[in-house]
Amino acid sequence: MSKIASVADLSGQNLPGFDATTDYWQAIVTEAELSQSPLPPYAKSYPARLPDGRYLLLPLRGMPTADGSAPDRCVASLIANQASMEVVEQLALHMAQGAGAHDFDVVMGLPTLGLAFAPLVAKQLGHSRYVPLGYSRKYWYRDELSEPVSSITTPGKGKLLYIDPNQLGLIAGKRVLVVDDAVSSGTTMVSGLKLLERCGAEVAAIAVAMRQGTQWQQKLVRADGSTIPVVAAYDCPRMERRADGWWPESP
Ligand SMILES: O=P(O)(O)OC[C@H]1O[C@H](OP(=O)(O)OP(=O)(O)O)[C@H](O)[C@@H]1O
């Protein structure tokens, strides 16, 4: 394999108008320390307001267009395994504070980035373990314990969500708190919920760091029509381009 000429060749390669994400997600700041107004229009980043009144600055990412033209829609991004441990811990603390109001037996984490939060949320809530789902199929896994999945950031087909059959006994007949990093279109969470149901478990609530937009709302309901509570460290809108910058999408 040929070696890359330099780090600069490959790092920070972004759509024009969007920041490299290298320096993002490293600190939570007060409003006074924020490098921009918390209000729109936004240029390169979105300040997500946390329940304690502080902010986490998130980079804006353009949504790909079919013809490769400049994006007119974007979202604010959180990549938890590139964040500082302090940021992840703080977000998990807010998730646990929200989830603590609900009644459940077990914490379950969705891969990949939900697993950055699930153990921390579980520990905060006094649990000694949690149940991870995964995307890789170990040889003892079973096809009937899998569910197809796609998401806003990974829309391709072919990805499957698995539970290790050895973990089934931990969730069958239990009320489960499902943890992920983000919910946006809601399709990943729906796959997780289908797998839970197949395992004979009941979803009690969902905890995420980021609730993005509102598309997920109509999908996250139980078979009886009741709404599944979704707690979050913060909300952020999907955004549209206007002449003066990025604004929350019109409803
Ligand atoms: O509500 P949705 O539109 O489904 O989007 C949310 C999901 O998208 C991201 O995962 P991704 O599929 O990129 O995989 P990863 O967790 O392995 O990074 C994120 O981690 C959520 O699981």
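User: In which loop is the place of Pro41?
Analyst: The model is predicted, so local features need pLDDT of at least 70 and side-chain atom pairs count only at pLDDT 80 or more, while totals for chains, interfaces and linings use all residues. Residues are numbered from 1 along each chain as its sequence is written, and side-chain values use heavy atoms, with hydrogens and water left out. Helices (H or I, at least four residues) and strands (E, at least two) are DSSP runs numbered from the N terminus. Pro41 is placed in the loop between α1 (7-10) and β1 (45-49).

User: What is the omega of the peptide bond that joins Pro40 and Pro41?
Analyst: Most peptide bonds are trans. The bond between Pro40 and Pro41 is cis, with an omega of about 5°.

User: Which residue in the loop between α1 and β1 has a positive phi although it is not a glycine?
Analyst: Most residues other than glycine have a negative phi. In the loop between α1 and β1, a positive phi of about 65° belongs to Trp25.

User: Which residue does a cis peptide bond join to Pro111?
Analyst: The omega of this cis bond is about -15°.

User: How far is an oxygen atom of the ligand from an N or O atom in the side chain of Thr112?
Analyst: Thr112 is one of the residues that come nearest to the ligand, together with Ser151, Thr153, Asp181 and Ser185. A polar contact is a pair of N or O atoms within 3.5 Å. For Ser185, a ligand oxygen and a side-chain N or O atom are 2.5 Å apart. For Thr112, the distance is 2.5 Å.

User: How much of the ligand's accessible area does the protein cover?
Analyst: Thr187 also has a polar side-chain atom 3.3 Å from a ligand oxygen. On its own, the ligand has 490 Å² of accessible area, a value from the Shrake-Rupley method with a 1.4 Å probe. The protein covers 89%.

User: Which element supplies the largest share of the shell around the ligand?
Analyst: By class, they are 6 nonpolar, 10 polar (Gly among them by definition) and 3 charged. Both β8 (175-183) and α5 (187-198) give at least two residues to this shell. The largest share, 4 residues, comes from β8.

User: What is the volume of the largest pocket?
Analyst: A pocket is an open set of points on a 1 Å grid over the protein atoms alone, where a 1.4 Å probe fits, with protein on both sides within 12 Å along at least five of seven lines; lining residues have an atom within 4 Å of a point. The ligand takes the space of the largest pocket, since more than half of its atoms lie within 2 Å of the grid points. Its lining has 35 residues, with Ile79, Ser151, Ile152, Thr153 and Thr154 nearest the centre. The volume is about 720 Å³.

User: Which element gives the largest share of the lining of the second largest pocket?
Analyst: This pocket has a volume of about 260 Å³. Among its 13 lining residues, Leu193, Glu197, Val203, Arg222 and Ala223 are closest to the centre. The lining divides into 8 nonpolar, no polar and 5 charged residues. Its largest share, 5 residues, comes from α5.

How values were computed:
A residue is near a molecule or strand if one of its heavy atoms lies within 4 Å of it. A polar contact is a pair of N or O atoms within 3.5 Å; within protein, one must be able to donate a hydrogen and the other to accept it, and residues adjacent in sequence count only if both atoms are side-chain atoms. Grid points are joined across faces, edges and corners, and a volume is the space filled by probe spheres set on the points.
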